Amino acid sequence: MKTSTLVQNGISPEVMGLILRLVASIPWPFRRQAMGDVAITILNSKPRIAEAEFGWNRATVALGINEFRSGIACINDLSERHKPKAEEKSPKLLDDIQKIMEPSSQAEPRLRTTLLYTDMTAQSVYDALVAEGWSQESLPTVRTISNILNRHEYRLRTVAKTKVKKKR
């Protein structure tokens, strides 16, 4: 029967718990390097064993090992890791949607919010864009147009007219 690397290196469960708590208390840019240091020192530089024993992501541990050995921290630019929104890809689309929506939108009767209520659906906006000259291949789907309208505070609800109070 194979013995684990932790047993071979004489690491008790108490020490393992201590390592987990200490590494968890380190802020992120340096936590990867600490994970790499633990993997090099205790686990014979094996990220898979770190994944099995400590529950760490082996890709993170492998990166931490490289960072620890080289002394150079890798910088993750997570803000650039997003899919661009449809209006970011085509700003003219947003301008055309606003031209279509402005005449049919109105503010809330009591003016408590900045939301614009409209009776136009996303499908009718899609049809109006096609009629305006956009090709169906270049337009996003109706669901995406609905998301665009929601992001820009056009609430797709029937416009409620203010009711005049009846005299009694």
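# Salt bridges and helix packing

Me: Is glutamate 87 buried or exposed?
Reply: Glutamate 87 is buried, at a relative accessible area of 11%. Buried stands for under 20% relative accessible area, exposed for over 50%, and partly exposed for what falls in between, with a 1.4 Å probe and protein chains only.

Me: What am I looking at, and how are things counted?
Reply: This is a predicted model, where local features need pLDDT of at least 70 and side-chain atom pairs count only at pLDDT 80 or more, while totals for chains, interfaces and linings use all residues. Residues are numbered from 1 along each chain as its sequence is written, and side-chain values use heavy atoms, with hydrogens and water left out.

Me: What does glutamate 87 pair with?
Reply: Its side chain meets that of arginine 151 in a salt bridge, at 2.9 Å from N to O. Glutamate 87 sits in helix α6 (residues 86–89) and arginine 151 in helix α9 (residues 142–151), so the pair ties together parts that are 64 residues apart in sequence. Salt bridge here means a side-chain nitrogen of Lys or Arg within 4 Å of a carboxyl oxygen of Asp or Glu. Helices (H or I, at least four residues) and strands (E, at least two) are DSSP runs numbered from the N terminus.

Me: And arginine 151, how accessible?
Reply: Arginine 151 is partly exposed, at 38% relative accessibility.

Me: Why would such side chains pair at all?
Reply: Side chains of opposite charge can pair when their charged atoms come close.

Me: How many salt bridges in the whole structure?
Reply: The search finds 5. One of them joins arginine 32 to glutamate 67, with the closest N and O atoms 2.7 Å apart. Arginine 32 belongs to helix α3 (residues 28–42) and glutamate 67 to helix α5 (residues 58–70), so this pair ties together parts that are 35 residues apart in sequence.

Me: Is arginine 32 buried or exposed, and what about glutamate 67?
Reply: Arginine 32 is buried, with a relative accessible area of 9%. Glutamate 67 is buried too, at 1%.

Me: How do α3 and α5 cross?
Reply: Their axes come within 7 Å and cross at roughly 90°. That makes α3 roughly perpendicular to α5. Axes are lines fitted to C-alpha atoms, for helices over the stretch in contact, and angles run from 0 to 180 degrees between N-to-C directions. Under 35 degrees counts as roughly parallel, over 145 as roughly antiparallel, 65 to 115 as roughly perpendicular, and the rest as oblique.

Me: Which residues meet there?
Reply: From α3 they include Trp28, Arg32, Met35 and Ile40, and from α5 they include Val61, Ile65, Glu67 and Phe68. Contact means heavy atoms within 4.5 Å.

Me: What about α4 against α5?
Reply: The axes of α4 (residues 47–54) and α5 come within 8 Å and cross at roughly 130°. That makes α4 oblique to α5. The crossing is right-handed: a crossing is left-handed if the near helix is turned anticlockwise from the far one by less than a right angle, and right-handed if clockwise. Pro47, Arg48, Ala50 and Glu51 in α4 meet Arg58, Val61, Ala62 and Ile65 in α5.

Me: New topic. Which residues are networked by salt bridges?
Reply: Lys92, Asp96 and Lys99. Lysine 99 and aspartate 96 meet at 3.7 Å, N to O. Both lie in helix α7 (residues 91–101), 3 residues apart, about one turn of the helix. Lysine 99 is exposed at 56%, whereas aspartate 96 is buried at 2%.

Me: What else does aspartate 96 touch?
Reply: Leaving aside neighbours within four places in sequence, aspartate 96 is in contact with Leu129, Glu132 and Trp134. A polar contact of 2.7 Å joins the side chains of aspartate 96 and tryptophan 134. A polar contact is a pair of N or O atoms within 3.5 Å; within protein, one must be able to donate a hydrogen and the other to accept it, and residues adjacent in sequence count only if both atoms are side-chain atoms.

Me: How many helices and strands?
Reply: The protein has 9 helices and 3 strands. Of its 168 residues, 31% count as buried.
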